[in-house]
Amino acid sequence: MHLAEISDNVFCITGATNIGVVRSGKEVALIDTGIDRESGRKIMKILENNGLEVKVVINTHSHADHFGGNSYITKKADVRVYAPEIEAGIIQYPYLEPFYLFSAHPVKDLMNRFLMARPSRVDFVISAGGQSEIEFPGTFDLKIVPLPGHSPAQIGVEAEGVLFCADSVFSKRVMEKYGVPLFMDIGKQKETLSFLERSDFEMYVPCHAEPVKDISDLVETNLGLILQVEKLIVSHKKATTEEIMKNICREFGIKPESFTEYSLMLSAIKAYLSYLYNSGLISVEFDGVLHWKIRE
Ligand SMILES: [Zn+2]
């Protein structure tokens with residue numbers, strides 16, 4: 001992890017999850033905090049080495065690798081924590097993530113550091129259509145940019161023309177590794193991709209891809225994959241969720257080998273199924289198990 005300069009007052013701590021750093025004098029707002037206490041400790045050390053002091057933490061969404069460092073940072077520094085609605089609930093009660101992935105009290109394997117970070121307090125909840133800026137001392141405010149899709153109420157943060165765009169797009173490398181990345185609301189994800197395509201920020205910093213000046217390629221790759229998965233699903237005449245998942249895994253060369261991998265993949269597939277069903281493109285038949293049917 002190290003501090004990379006993007007513009008005069010905007011930096012990025014690069015790592016498994018890229019962390020945004022916006023400076024006003026020696027005071028800093030962090031965008032996301034990494035996966036665990038150790039990430040929080042490393043971030044604090046980097047700031048300290050650069051004579052910086054954290055005052056604000058903004059979590060873009062509630063996946064463990066974006067807020068896991070909160071518990072350390074909120075103990076060590078006097079900070080205000082901001083998070084979007086819905087996501088704020090999970091950040092305060094991280095049990096909800098393995099709970100929703102399993103849709104009951106989860107198997108113990110799901111209560112791990114990738115899916116259940118330590119809880120953090122949230123001081124300010126950012127509601128959709130509400131607050132669009134976070135006051136930050138200095139010459140500019142931090143603009144909240146809604147980017148829902150990957151998670152229900154994900155946000156990005158813009159400062160000095162740089163958009164920290166969280167997990168709204170994934171790199172080709174991540175897609176090759178995971179096959180079908182997790183988008184939890186396909187309709188909203190498509191709208192977010194279309195917004196990004198039309199946007200003209202000077203720089204985009206995704207959490208799991210290199211910063212880019214032009215986001216078109218990333219948008220195109222992510223949208224292409226979504227359309228490919230949709231097409232695969234509607235190529236089934238009648239199938240159960242698990243049959244569809246098995247075929248998609250085969251097509252993308254994915255072999256889930258743990259509850260974590262299996263549950264995330266299932267969640268990703270279900271997002272497509274609810275989107276296609278709610279759009280009237282597929283229907284269902286119940287006969288002890290649920291069969292998805294393509295409307296002819
Ligand atoms: Zn995420």
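## Helix α8 against helix α10

In this predicted model, helix α8 meets helix α10 through a set of side-by-side residues. From α8 come L225, I226, V229, E230 and I233. From α10 come Y272, L273, Y275 and L276. By class, the contact holds 8 nonpolar residues, no polar ones and 1 charged one. The charged class covers Asp, Glu, Lys and Arg, so E230 is the charged member here.

Helix α8 spans residues 216–233. Its axis runs 11 Å from that of α10, at an angle of about 70°. That angle falls in the range of 65 to 115 degrees, so α8 counts as roughly perpendicular to α10.

## Helix α7 against helix α10

Helix α10 also packs with α7, which covers residues 186–198. Here the angle is about 90°, and the axes lie 8 Å apart. The two helices are therefore roughly perpendicular to each other.

On the α7 side, the contact is made by I186, G187 and K190. On the α10 side, A271, Y272 and Y275 take part. These residues divide into 4 nonpolar, 1 polar and 1 charged.

L281 sits in the loop between α10 (259–278) and β14. Its relative accessible area is 46%, so L281 is partly exposed. Beyond its sequence neighbours up to four places away, L281 touches L276, I294 and R295. L281 and I294 are 13 residues apart in sequence. In space, their C-alpha atoms are 6.8 Å apart.

S283 is placed in strand β14. Is S283 buried or exposed? S283 counts as buried, because its relative accessibility is 16% and the cut-off for buried is under 20%. Leaving aside neighbours within four places in sequence, S283 is in contact with Y277, H291, W292, K293 and R295.

## Salt bridges

Side chains of opposite charge can pair when their charged atoms come close. How many salt bridges does the model have? The count comes to 9.

One of them joins R113 to D36. The closest N and O atoms of this pair are 2.9 Å apart. The pair links distant parts of the chain, 77 residues apart. R113 lies in the loop between α5 (96–102) and β7 (124–126). D36 lies in the loop between β4 (27–31) and α1 (37–49). R113 is partly exposed, at 44% relative accessibility.

Another salt bridge joins K238 and E285, with the closest N and O atoms 3.0 Å apart. K238 lies in strand β13 (residues 238–239) and E285 in strand β14 (residues 282–287), so the bridge ties together parts that are 47 residues apart in sequence. Strand β14 is also the place of S283. K238 is partly exposed, with a relative accessible area of 42%. E285 is partly exposed too, at 26%.

## A salt-bridge network

K55 forms a salt bridge with E53. Their closest N and O atoms are 3.4 Å apart. K55 counts as partly exposed at 21% relative accessibility. E53 is partly exposed as well, with a relative accessible area of 34%.

Which residues are linked in a network of salt bridges? K26, E53 and K55 are linked in this way.

The structure holds 0 disulfides. A disulfide needs the two sulfur atoms within 2.5 Å.

C207 has its own closest partner, C165. Their sulfurs are 7.6 Å apart, which is also too far for a bond.

C12 is buried, at 1% relative accessibility. C207 is likewise buried, with a relative accessible area of 4%.

Technical notes:
Residues are numbered from 1 along each chain as its sequence is written. This is a predicted model: local features need pLDDT of at least 70, side-chain atom pairs count only at pLDDT 80 or more; totals for chains, interfaces and linings use all residues. Side-chain values use heavy atoms; hydrogens and water are left out. Buried means under 20% relative accessible area, exposed over 50%, partly exposed in between (1.4 Å probe, protein chains only). A salt bridge is a side-chain nitrogen of Lys or Arg within 4 Å of a carboxyl oxygen of Asp or Glu. Helices (H or I, at least four residues) and strands (E, at least two) are DSSP runs, numbered from the N terminus. Contact means heavy atoms within 4.5 Å. Axes are lines fitted to C-alpha atoms, for helices over the stretch in contact, and angles run from 0 to 180 degrees between N-to-C directions. Angles under 35 degrees count as roughly parallel, over 145 as roughly antiparallel, 65 to 115 as roughly perpendicular and the rest as oblique.
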